[in-house]
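Please examine the sequence and the structure shown here before reading the notes.

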Amino acid sequence: MVRTNYDIIVVGAGIVGTSIAAHLSQTLAPHTRIALVAPAAQPATAPEPFDPRVVALTEASRQLLEQLGVWRSVAEQRACPYRDMHVWDGEGAGHIEFSAHDLGRDTLGHIVEHRVLNQALERALELTAVERWQQPVSALLRQPDGSINGVELSTNEPLQAPLIIAADGARSLLRKMAAIDERQWSYQQSAIVATVRSQAPHGLVARQRFMNTGPLALLPLIDTPHASDGHHCSIVWSADQAFADSLMALDDTEFCQALERHFERRLGTIEHVSTRHAFTLHQRHATRYAQRGLALVGDAAHSIHPLAGQGVNLGLLDVACLTRELQRAQERGLSTGEYATLRRYERQRMGHNLTMMASMEGFKRLFGSRQPGLTLLRNRALSGVNTLPALKNLLAQQAMGLSL
């Protein structure tokens, strides 16, 4: 007989959903019953050499993946360390440079393709007792007092648990079913992502140029697991909508030429670009992360502008925090759905996420401004911080997630 009663049901099998299912299975008591619910993945088409979607993993995220037993698999496939980060204002001379050497570390972080990370997490999940249900969720189940205690699948099959974890992305169906409001707005921008090959080697440096029309980042990639350098980069070009549309309308040669100009030929000629993809950009933030019997994690709770590459990292910090709180609750003999436990998670993560989102919004507005006074101010600020090693290193540690 198929078991349909669980202690925890995770809905969503992206990076965050798979991570929390695996982490809970490894961390909580052996008898804890966990289900992961998500439709079967679509058959993959013939992949390009590099996945155009990447994540700039912080050291804190890497440590979590190492704890999950996933990092070795990721590193053996392909993960590009970046040792330096160069950021400059395209409308002036302001710049700042971060170095792992200044922090006494080997790297500032790693650029990892979504495909590589997903595959490693799937393999880790197969080694756990987590049960998979590959159907969409059609409804939330509630007790007479209104608390959530399960989900109903599209097959009309009920799955029950005192805790449902919504990891089903920015357009979270569970968040809507739970009637949790969100604050959202459009940036009136799209992010263009692709893989490019440059004439000059990237030198394991992550580079980002801020422009009035939006930031442009070239993130280093390596061809083989143990390569020390390379000529391939993942681009994330966030641009005002009309400009993004015009860039997407260019042929490959024209796009490479435009990329060279806007990146000030820092890597010489752009010799090749893969298929380009464009994603409209929105900021979303749920007004609550928890209800009785429900917790939101990752993009289901918050989505952020990609200018600092923090989206997945914030989601993995959610994973670590909620797992820690559920472990504490279990050690005290409490139910996994104990509302006080979920509220502690909410208080810890909501404050940090709101701070990060406000910071990114401030950066976006500051560098998107065309006011001469603000342009002068931000250039002086960037270059000024670059001359203050203690402050610069503190910012670098915060970006790595090491001071949280």
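The model is a predicted one. The protein contains 11 helices and 21 strands, and 53% of its 404 residues count as buried.

**Overall make-up**
- The accessible surface of the protein amounts to about 17800 Å², and carbon and sulfur atoms contribute 52% of that area.
- Among contacts in the protein with a separation of 6 or more, 75% join residues 24 or more positions apart.

**The six-strand sheet**
- An open sheet is formed by 6 strands in the order β8-β2-β1-β12-β20-β19, with mixed pairing.
- Strands β8 (131-133) and β19 (290-291) stand at the edges, and each has a single partner strand, so one side of each is left without a neighbour in the sheet.
- Within this order, β1 (residues 8-11) pairs with β12 (residues 163-166) in the parallel sense, over 4 bridges.
- Val11 has Ala166 of β12 as its bridge partner.
- In general, strands of a sheet pair through backbone hydrogen bonds, in either a parallel or an antiparallel manner.

**Helix α1**
- Helix α1 (residues 15-27) lies across β1, β2 (34-37) and β12.
- The angle at which α1 runs to β2 is about 170 degrees.

**Helix α8**
- Helix α8 (residues 311-331) has 21 residues, which at 1.5 Å a residue should span 30 Å.
- The end C-alpha atoms of α8 are 31 Å apart, which agrees with that expectation.
- Just after α8, Gly333 adopts a positive phi of about 80 degrees.

Methods:
Residues numbered from 1 in each chain as written. Predicted model: local features only at pLDDT ≥ 70, side-chain atom pairs only at ≥ 80, totals over all residues. Heavy atoms only, no water. Pairing = 2+ DSSP bridges. Helix = DSSP H or I, 4+ residues; strand = E, 2+ residues; numbered from the N terminus. Contact = heavy atoms within 4.5 Å. Axes fitted to C-alpha atoms, helices over the stretch in contact; angles between N-to-C directions. Expected span 1.5 Å × (residues − 1). Buried < 20%, exposed > 50% of the residue type's maximum accessible area, 1.4 Å probe, protein only. Areas by Shrake-Rupley, 256 points an atom, 1.4 Å probe, with all protein chains shown as cover.
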